[in-house]
Amino acid sequence: MAAMRPGLGRVFPGSSILFLCDMQEKFRHIAYFPQIVSVAARMLKVARLLEVPVVLTEQYPQGLGPTVPELGAEGLQPLPKTCFSMVPVVRQELDARPQLRSVLLCGIETQACILNTTLDLLDRGLQVHVVVDACTSRSQVDRLVALARMRQSGAFLSTSEGLILQLVGDAAHPQFKEIQKIIKEPVPDSGLLSLFQGQNPLFP
């Protein structure tokens with residue numbers, strides 16, 4: 001694997017992990033929930049094709065229910081948590097992967113578990129790539145400000161397709177045809193254009 005300069009935010013399958021955060025039944029009312037789950041599901045499909053490890057969490061599943069089936073997370077063992085960060089329950093997984101450099105982060109809510117997970121991962125010296133079309137919040141103001149806050153702290157904001165193409169790297173990759181089928185499917189609108197349009201002071 002080529003050496004990675006920390007400031008560039010490059011991602012490679014052998015040094016990346018996909019985090020899927022709290023996409024559960026009781027959160028279906030959150031804005032753009034079906035859309036972000038759909039995008040997270042495509043990230044999961046690509047991770048499986050490229051043998052990128054995946055971690056799935058559930059926030060207080062006794063009250064908030066299981067992971068929604070449309071994520072396609074069959075075969076993954078969800079890690080229950082109450083903390084507003086994934087890191088305490090995935091610490092063992094992180095410690096077992098000394099080659100890990102990049103975390104690709106999807107889920108809800110942006111201003112809560114996504115933000116706190118990002119800060120905890122940055123504290124550990126890891127690069128964080130927030131999949132912006134696979135994260136949302138009940139309040140779109142919270143979503144926008146949390147994205148800006150993570151960017152200020154050093155996280156990378158990326159789209160699912162941008163990260164997928166970085167991971168696959170080359171049209172000659174043996175899995176590219178399968179991945180091409182995934183990215184040819186239109187990405188659902190998750191309200192990002194309205195967040196980023198115009199002279200947005202949070203994203204100069």
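**Strand 5 and its neighbours**

Strand 5 and strand 6 (residues 156-158) run parallel and are joined by 3 bridges. Strands here are DSSP runs of E with at least two residues, and helices are runs of H or I with at least four, both numbered from the N terminus. Two strands pair if DSSP finds at least two bridges between them. The model is predicted: local features need pLDDT of at least 70, side-chain atom pairs count only at pLDDT 80 or more, and totals for chains, interfaces and linings use all residues. Residues are numbered from 1 along each chain as its sequence is written, and side-chain values use heavy atoms, without hydrogens and water.

His129 stands opposite Phe156 in strand 6. Right-handed means that, with the strands pointing away from the viewer, the path from the first strand over the helix to the second runs clockwise.

Strand 5 also pairs with strand 4, in the parallel sense, over 6 bridges. The β-α-β crossover from strand 4 through helix 4 to strand 5 is right-handed. Ile108 stands opposite Thr136 in strand 5. Strand 5 (residues 127-136) is largely enclosed by the rest of the structure, because 10 of its 10 residues are buried (under 20% relative accessible area, with exposed over 50% and partly exposed in between; 1.4 Å probe, protein chains only).

The backbone also has local features. The peptide bond from Ile108 to Glu109 is cis, with omega near -15°. Glu109 sits in the loop between strand 4 (102-108) and helix 4 (110-123). Asp22 has a positive phi, near 60°, and is buried at 1% relative accessibility. Glu51 has a positive phi near 60°, but is exposed at 70% relative accessibility.
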